[in-house]
Amino acid sequence: MNTVLINDTSFTLKELEQEVWKRLEKGALSYKDALHNPVVANVNTDGVNMRTVVLRKVWPPQKQLAFYTDKRSGKWKELALQNNISWLFYDAAKCIQIRLSGDVTLHHDDGIAAESWDGTTMNNRKNYSGRERPSSVVEFPLSGLPAVFETNDPTPEESTDGRKNFGVVITRVRWMEWLWLNSSGHRRATFTYLEDGSFTANWLIP
Ligand SMILES: Cc1cc2nc3c(=O)[nH]c(=O)nc-3n(C[C@H](O)[C@H](O)[C@H](O)COP(=O)(O)O)c2cc1C
C-alpha cells in the first residue's frame with residue numbers, strides 16, 4: 001500500500017505533506033509545542049553554525065516559515081552573505097523529526113517586518129533594545145538590556161527603541177524530509193519543491 005498508517009489514519013505522500021505543514025503551523029502557535037523551538041543552521045566562513053530559535057510563523061501555501069532576530073546578530077550578517085538555511089525539528093512524544101532546507105529573505109525595513117513587530121509582545125520586544133549588539137564582548141555576564149527591562153517589560157513607547165534592530169528571517173522551503181520512528185519499523189518521506197510550490201515526493205528507506 002502506498003500510504004503510511006499513523007494512529008489509524010492513512011496518509012498518501014500528498015496527504016502527509018499537508019499534514020506536516022499543518023503540524024508546523026501549529027508549532028508556531030504555542031511555546032509549549034514540541035516544534036516551537038527548532039534549530040536552524042547556516043554556513044559561514046568558519047564552517048557550519050547552528051542555534052535554537054522560536055518558530056514564529058508558517059505559511060503552508062507559500063512553503064515559508066519565519067523566525068525573528070536582532071539584525072545586528074551574527075546570523076543576520078551570515079545569511080546576508082549566504083542565504084541557504086536548514087531547519088531541524090523533533091517531536092519527542094510523537095517520535096517525528098522534520099528537516100527542511102531552503103533560502104532566506106531578510107526583512108527589516110518593509111511591511112513584513114512592520115506587521116511582525118506590531119504582533120510582538122512587550123516581553124519579546126525588549127530583546128531588541130540592547131545598546132550593544134549581540135555577541136559583543138563584555139567584562140561581566142551582562143544581558144545588555146537597560147537595567148529597568150530586567151525587572152519590567154518596556155512600555156509600548158519604550159519598546160519602540162528596539163524596532164530599529166528587529167528583523168524577520170523568512171525561509172522559502174526547497175526541500176523537506178519527514179521521519180517517523182516506530183517500533184515496527186521507521187518510515188521516511190522526502191519532498192522537493194518547485195518554483196510554483198508544487199512538489200515531487202518519495203518514500204525513503206529510513
Ligand atoms: C529556546 C531558545 C529560543 C531562541 N530563540 C531565538 C530566536 O527566535 N531568535 C534569535 O535570534 N535567537 C534565539 N535564541 C538565541 C540563539 O539560539 C543564539 O544563541 C543567538 O541568537 C546568537 O546566535 P548567532 O550568534 O548565530 O546570531 C534562542 C535560544 C533559545 C535557547
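Is Val 20 buried or exposed, and why?

Mentor: Two remarks on the source come before the reply. Residues are numbered from 1 along each chain as its sequence is written. The model is predicted, and local features need pLDDT of at least 70, side-chain atom pairs count only at pLDDT 80 or more, while totals for chains, interfaces and linings use all residues.

Val 20 counts as buried because it has 21 C-beta neighbours inside 10 Å. The cut-offs are these: a residue is buried if 20 or more other C-beta atoms lie within 10 Å of its own, exposed if 12 or fewer, and partly exposed in between, with C-beta atoms placed from the backbone.

Val 20 belongs to helix 1. Helices (H or I, at least four residues) and strands (E, at least two) are DSSP runs, numbered from the N terminus. Helix 1 covers residues 13-29, and at 1.5 Å a residue its 17 residues should span 24 Å; the end C-alpha atoms are 25 Å apart, which agrees. The expected span here is 1.5 Å times one less than the number of residues.

The buried residues of helix 1 are Leu 16, Glu 17, Val 20, Trp 21, Leu 24 and Gly 27. They cover an arc of only 135° around the axis, which puts them on the same side of helix 1. The arc is that of the directions from the helix axis to the C-beta atoms. On the face turned away from this buried side, helix 1 carries the exposed residues Lys 14, Gln 18 and Lys 22.

What does Val 20 touch? Leaving out residues up to four places away in sequence, Val 20 touches Ile 98, Met 176 and Trp 178. Two residues are in contact if their C-beta atoms, placed from the backbone, lie within 7 Å. Val 20 and Ile 98 are 78 residues apart along the chain, and their C-alpha atoms are separated by 8.2 Å. Across the protein, 59% of the contacts between residues at least 6 apart in sequence join residues at least 24 apart.

Some context for the whole protein follows. It has five helices and eleven strands. Of its 206 residues, 26% count as buried. The C-alpha atoms fill a box of roughly 60 × 35 × 35 Å, taken along the principal axes.

Lys 63 lies in the loop between strand 5 (57-59) and strand 6, and with 21 C-beta neighbours inside 10 Å it counts as buried. Asp 8 lies in the loop between strand 1 (4-6) and strand 2 (9-11), and is exposed, with 5 other C-beta atoms within 10 Å. Neither is a glycine, yet phi is positive in each: about 55° for Lys 63 and about 70° for Asp 8. Most residues other than glycine have a negative phi.

To return to the part you asked about: Val 20 is buried, is one of the buried residues of helix 1, and touches Ile 98, Met 176 and Trp 178 when residues up to four places away in sequence are not counted.
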